[in-house]
Amino acid sequence: MDLRRMSGWPVLLGLTLLPSLSMAAGKCERLVVTGSPDAPPYLWRDPQDPKHLMGASADLLQQVAGELGLKVEVLYAGKRSEALDEVRTGRMDLLADAPLTLNELESLDYIHPALVQNDYLVWTRKDSTLSYTQPGDLAGHPGAVSEKARLTQPFVAMAKEHLQLKRLPNLTQVFQTLLLGEVDYVLAPRYAGMAMAQTLGMTADLAAFPQPIDKPGLFLALSHNSACNDPWLRGQLAKKMTELPASGLTETLLQRNLERWKAQLQQPVSSPKQ
């Protein structure tokens, strides 16, 4: 028996099977999605159904998936690091709000362009004399930002070298610190900042400069280990992401979810259903 001739059989058999395997992967009909549970109005845990996440990113993804004939379930998977781990391993297919980081390229395929842009603004007290047009204007002034903020890596590097930014546990404390005069400015997302200022009764006391200081994109990111990760799906999602900005849908859903979140914040605190 010629072993050299026989050795080609496994290769030929593998090549024969490849088309059927590829077709099976292309028949993905359901995407299991997760993301940050504390990033309104983009994503946050549904108080009426704690196993799921709600928000503008979830609504956008449902709309896009429906147009592609896919079913989507946006599930709570724990805090952000736990959600990321679920997607890395392939236990869940897709992260709905992935910031672009180089080290994650080893386990995730980012869909370009971003699903949404999470503009960070410079907020001050209305009686402040601080003037801002560029980051250098903030040098020498104490500021604050939430520990949960997901800023771009270039901005984080710049801020570490040139700005005096104190990190606080959450956005509520960030705004309270500003109002108490302990810092001259804070960095907060445009939409989450608007809702928080209104909820805390600070709208009349605070102002935000209109030009963003940082514009981190929140991307859809498919796990390398997801059975749904194939060229057709990546291409179709990229096409939909390219079409979204001109559709006006993103802004509509952001405003709608901003109102939903503000309404929830104003409700009495109660224990969610388990």
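What follows is a walk through a pocket and some salt bridges.

First, a word on the model: this is a predicted one, where local features need pLDDT of at least 70, side-chain atom pairs count only at pLDDT 80 or more, and totals for chains, interfaces and linings use all residues. Residues are numbered from 1 along each chain as its sequence is written, and side-chain values use heavy atoms, with hydrogens and water left out.

**Stop 1: the second largest pocket.** Select Pro99, Thr101, Arg150, Leu151 and Thr152, the closest to the centre of the second largest pocket among the 17 residues that line it. The pocket holds about 290 Å³ of space. (On a 1 Å grid over the protein atoms alone, a pocket is an open set of points where a 1.4 Å probe fits, with protein on both sides within 12 Å along at least five of seven lines; lining residues have an atom within 4 Å of a point. Volume is the space filled by probe spheres set on the points, which are joined across faces, edges and corners.)

Now colour helix H5 (153–162) and strand E13 (217–223): each supplies at least two residues of this lining. H5 gives the most, with 3 residues. (Helices, H or I with at least four residues, and strands, E with at least two, are DSSP runs numbered from the N terminus.)

Where does the second largest pocket lie? Colour domain 1 (30–116 + 217–266) and domain 2 (119–214); both give residues to the lining, so the pocket lies between them. (The domain bounds come from an automatic or database domain assignment.)

**Stop 2: Arg150 again.** Show its side chain with that of Asp97: the two meet in a salt bridge, 3.4 Å from N to O. (That means a side-chain nitrogen of Lys or Arg within 4 Å of a carboxyl oxygen of Asp or Glu.) Arg150 sits in the loop between strand E9 (142–146) and H5, and Asp97 in strand E6 (residues 94–98), so the pair ties together parts 53 residues apart in sequence. Both Arg150 and Asp97 are buried. (Buried is under 20% relative accessible area, exposed over 50%, partly exposed in between, with a 1.4 Å probe and protein chains only.)

- Asp85 and Arg91, with closest N and O atoms 3.3 Å apart; Asp85 is partly exposed at 33% relative accessibility.
- Asp127 and Arg125, at 3.7 Å between the closest N and O atoms. Asp127 is exposed at 63%, while Arg125 is buried at 18%.
- Glu67, Lys239, Lys240 and Glu243, linked in a network of salt bridges.
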